Amino acid sequence: MTRRRPPVRRRNRRPSRRQQQRGAQLLAFAVAAAAGVGLVMMRVHWLLTHWWILIVALALAVLAGVGWLYHRQ
């Protein structure tokens, strides 16, 4: 009678160095994206609170454009 071999046990393998680096890069990207979104949201909130600055910037841009066109002619 032949004996059956015991099943081969698989050891839990650690992720390779490349996989660890990919995980670290993904985490860094997620943190940077979250920080960027937070920063944009803070700026938008500040500009909505200080709406008059947008009007002043728009007026200055229009004046600069008119001056550039006048100088070009």
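Gln20 sits in helix α1, which covers residues 17-49. Helices (H or I, at least four residues) and strands (E, at least two) are DSSP runs, numbered from the N terminus. This is a predicted model, in which local features need pLDDT of at least 70, side-chain atom pairs count only at pLDDT 80 or more, and totals for chains, interfaces and linings use all residues. Residues are numbered from 1 along each chain as its sequence is written, and side-chain values use heavy atoms, with hydrogens and water left out.

Buried means under 20% relative accessible area, exposed over 50%, and partly exposed in between (1.4 Å probe, protein chains only).

Next, the contacts. Setting aside neighbours within four places in sequence, Gln20 touches Arg14 and Pro15. Contact means heavy atoms within 4.5 Å. Leu69 lies 49 residues from Gln20 along the chain, and their C-alpha atoms are 56 Å apart.

Now the wider chain. The chain has two helices and zero strands. The axes of α1 and helix α2 (residues 51-72) come within 4 Å and cross at roughly 85°. Those axes are lines fitted to C-alpha atoms, for helices over the stretch in contact, and angles run from 0 to 180 degrees between N-to-C directions. The two helices are therefore roughly perpendicular to each other, a label for angles of 65 to 115 degrees. Where do they meet? Trp46, Leu47, Leu48 and Thr49 in α1 meet Trp51, Ile53 and Leu54 in α2.

Last, the overall form. Along the principal axes, the C-alpha atoms fill a box of roughly 105 × 35 × 20 Å. The chain has a radius of gyration of 30 Å, while a compact globule of 73 residues would have one near 11 Å. This radius is taken over C-alpha atoms, and the globule rule is 2.2 Å times the number of residues to the power 0.38. Buried residues make up 0% of the 73 residues.

Technical notes: Parallel < 35°, antiparallel > 145°, perpendicular 65-115°, else oblique.
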